[in-house]
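Have the structure open as you go.

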Amino acid sequence: MTEAVRYERDGAVAVITVANPPVNALGLAVRQGLWQAIDRFADDDAAIALIVGEGRLFIGGADISEFGKPPVEPYLPDVCTHIERSTKPVVAAVHGPALGGGCEIALGAHYRLAIKGARFGFPEVKLGLIPGAGGSQRMPRLTGVGPALDMMPAGGSVTTDEALKIGLVDRVAEGDAREAGLVYARELLESGAPVRAVGTLPRPAHDAAAFEAARALWQRKSRGEVAPLRAIDAIEAATRMDLDEGVQEERRIFLELMQTPQRAGLIHAFFNDRKVAKLPEIEGIAPRALSHVGVIGGGTMGAGIATACLLSGLSVTLVERDAAAADKARGTITGNLDAAVKRGKLAADRRDATLAELSAVTDYAELSDCDLAIEAVFEDMAVKHEVFARLDAVMKPGAILATNTSYLDVNEIAAATKRPGDVIGLHFFSPAHVMKLLEVVVADATATDVTATAFALAKRLGKIAVRAGVCDGFIGNRMLSTYRGAADRMILEGASPWEIDAAIKAFGLPMGPFEMSDLAGLDIGFMTRQRKAATRDPRDVVPTWADAMYHEGWLGQKTGQGYYVHEDRKAKPNEAVKPLIEAARGDRPQRTFTQEEIQRTYMAAMVNEAAKVVGEGIARRPLDVDVTLLYGYGFPRWRGGPMKWADTVGLPALLQDIKEWSKADPYFWQPAPLLEQLVADGRCFADLNKEAAQ
Ligand code: T1G
Ligand code: NAD
C-alpha cells in the first residue's frame, strides 16, 4: 500500500481510506494505493469494501498540479473501472466535497452513501477540461442526461438532498462517514446486496431537445471557452456508446482539451486564487479583531460596502452628511439585502436580524466603538482630509482607518491623521457587495497587522484581496488609464469606438472600453480628466470628443445616450458621436485597423503598463496583476490574465511591437524596463512568480 491510502479490516468490511492532505487529491500515490487496495480486497476474505476520505472531505478530484505533465499509470479512468469490476461489493461513503475525480471514484463504487452536507460536482470545465475518468458516462446512466447537462457544462455541483433526488446516491446519513459507512456496508451485506456496476446500466436515453437546448445555452454563455460544449459532446457519447467505448471517447476529448491554452490559463487562475493571499510580510501576523465596522458615505460604494459587511455578519454604523442622505443609504442597503434574499445569498429568516445590525447616522461620535472605518466619500482630497481628521479624533486606539479612494494618494490621506500606521486603502469595486476584487493599498506607514487584518476582512467578505502599493490608480485603474489611452489613440488614427469594442469583446472581455464608459457614466471620466488637467503631460491624448459628449449631456446609460443609444435594454452605435471624433482627428493621417491589430495594441499597452507596475513594486508579482484584471476588470479567466497571455504569445514579439510603435510615439510606447530585462534574460513573467514563491 502507499502512504496515501490505508487498508484496514473492520470485521467483514475492508475499509479503504484516502489520506492525502489537504484535499485527498488523486495524485499518483493515491491512484496506486487505490489500485493495490482493490487487489488486496480481491485476495482477502473481506465481504465488502468501504472507501472513505480522511479529514474534512472525501476527495477533491484529480491532482491539478499534475496536469500538463506526462500522465503516469495507473490512469484515473482505469482506477475507477478497476473498482467497478470488483467481484465483491464496494461502497463509497462521502463527506464534504466529492469533486471531479472524487465523484468519479464514488461512481466507480457499487453503492454511494452521502453524509449530510456532502457536495457532488464536476468542476472540470472551470479548469478548461471535462470529466476524464468516466464521469460523463456513468453519471447519466444513473441520473439520465438532464442532471448531467445541468451540472457538467457549468462546472456545477449538487447538495446531498439533490444528489439523492437525482439518483446519484443511494442513502443519506448523519455523522461520521466511516461509522455511517460501516453501518450501511453491514446492512448491504445482511441484505445480500449484489455487485452493481453503474457502467453496466443501460445507456441513457438520447433527449435531442435537451442536447439542442444545452448547446444553444452554452454557445451563448461560454464566450470563447471551449470546454462547456465539449462536455455536452461527452455526455451525448454516453447515449450512443457502451461504457468502455464512451470512456475512451471522453478520454480523447479530455486529452484534446489538456493541450489547449485555455486549460493552461484556467489552471493558472485556479492556483493564483490561492497564491495571491500568500504574502511573506503578513505570514504569521495576527489580524486585529473586527466585529463593528464604520462606513463613511452611503453613496454608490458606501452602501455596497455596508451591505457586504452586514452579509458577512459584521455590525455596521454608516455616517452620512445629513439625515436625508442617511435614510437614502439605509433604503439602498435594505434593497440590497432583499435582493440577496432573492438570490439565496441571505436566508429570509436572517433578513431582519441582519438589517438590525445597521445604524445609519450623521454623528461621527457614533463611530467611537468601531474596530474599522471605511471611508467612501467624494473623490476629492480636501474632503478626504477633513473626514480623516474627524475619524482620527473619534476612533478608538487600535482602530483601522481605511479609504476606498480610486486614485488618490493614500500616504497623503494618512498624513491627515496622527496614526498613519493605522491607515490603509481598501479599494472595492462597484457594486461592492457583488464584485469579488479588493485592492489592499498598503501605504508607507501602514502597520503589518493592519495589512493582515485587511486580508482577513477580505476572506470574511468572500473577496479576493490583492496587495497594491501607492501610486495613481494602484494596480487596476492605473493599467486601465493606459490601455484606455491606447484605445483613444486608435480612435485618432482611424478606428471607431464600436469596432474597438467589438474587437475587445471578441478577445473575451464582457464589454469594450466605450461600452464600459457608457455603463460607468461619461461624467466619471470627465471629472477624472478635470482632476488631472493641472498635472497632465501635454503629450497625453485627451479624448476631446468625450468632453464634447459630456457637455452635450450624453453621459451613457444613465442618460440613454453616450457612445451608444440605449433603448429597451438594447444599445446601438450613436452616429452623432462621429462628427465629434472627426473634429478631434483634424488632419491626422487615417488608417484602418484589423480586429487582431486592435487587440494586439490594446493588450500591449495593458501588459507594458503592468510590467511597469510590477517593476516598481506596486504589484508584488505578475500573478497579482492577473488576479486584479480577472476579478476587477472582466479579463477572460480562460486566458489566465494579461501576464499569462503575454507569456503565451511571447514577450520578445510583444516588446518588438512596442519598440516599433515607439518610433512614431516614443512617449506612450516607452518599453517597460522590466519587459526589456526579461526579454534580454530570456525569462518571462511566470519565472518571476516562481521566484517570488521561493
Ligand atoms: N489538486 C491539487 N491541489 C489542490 C486541488 C486539486 N484537485 N484542490 C485543492 N488543491 C490545493 C490548493 O491549491 C491549496 O493549496 C490546498 O489544496 C487547499 O485548497 C479526471 C480532470 C476541494 C473545495 O476542481 O475546489 O478531477 O494553497 O484553499 O477552500 O475528471 O480546493 O494550500 O498550497 O481551495 O477548503 C477537479 C478543486 C479536478 C476541485 C477545498 N477538482 N479544489 O476548498 O481549500 S479535475 C476541482 C477545490 C478532475 C477528473 C478531472 C477546493 C476544495 P495551497 P483550498 P478549500
Ligand atoms: P457617491 O457620490 O455615490 O457617494 C459619496 C457619498 O459620500 C455621498 O452620499 C455623500 O453624501 C457622502 N459624503 C460626502 N462627504 C461626506 C462627509 N464629509 N461625511 C459623510 N458622508 C459624506 O460616490 P461613490 O461613487 O460612492 O464614490 C465614493 C468613493 O469611492 C470615491 O472615493 C470613489 O473614487 C471611490 N470608488 C468609486 C467607485 C465607483 O465605481 N463609483 C469604485 C471604487 C471606488
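1. The shell around ligand 2 in this predicted model is made up of 10 nonpolar, 8 polar and 5 charged residues. Among the 23 residues around ligand 2, those that come nearest are Met 301, Glu 320, Glu 379, Lys 384 and Ser 406.

2. Which element gives the most to that shell? It is α15, with 4 residues. At least two shell residues each come from α12 (300-311), α15 (381-394) and β15 (423-428).

3. Some polar pairs deserve a look. Glu 379 places a polar side-chain atom 2.5 Å from an oxygen atom of ligand 2; do check that one by eye. For Ser 406, a side-chain N or O atom is 2.7 Å from an oxygen atom of the ligand, and for Asn 404 the corresponding distance is 2.9 Å. Ligand 2 taken alone exposes 830 Å², of which the protein buries 80%.

4. One runs from Glu 73 to Pro 74, with omega near -5°, and Pro 74 sits in the loop between β3 (48-53) and α2 (76-84). Another runs from Ser 430 to Pro 431, also with omega near -5°; Pro 431 belongs to the loop between β15 and β16 (437-441).

5. On the backbone, Asn 24 is not a glycine, yet has a positive phi of about 50°. Asn 24 lies in the loop between β2 (13-18) and α1 (28-43) and counts as buried because its relative accessibility is 1%, under the 20% cut-off.

6. Phe 474 likewise has a positive phi, near 55°. Phe 474 is in the loop between β17 (464-468) and α18 (476-493) and is buried, with a relative accessible area of 1%.

How values were computed. Residues numbered from 1 in each chain as written. Chains lettered and ligands numbered in written order. Predicted model: local features only at pLDDT ≥ 70, side-chain atom pairs only at ≥ 80, totals over all residues. Heavy atoms only, no water. Near = heavy atom within 4 Å. Polar contact = N/O pair within 3.5 Å; in protein donor to acceptor, adjacent residues only side chain to side chain. Areas by Shrake-Rupley, 256 points an atom, 1.4 Å probe, with all protein chains shown as cover. Nonpolar A, V, L, I, M, F, W, Y, C, P; charged D, E, K, R; others polar. Buried < 20%, exposed > 50% of the residue type's maximum accessible area, 1.4 Å probe, protein only.
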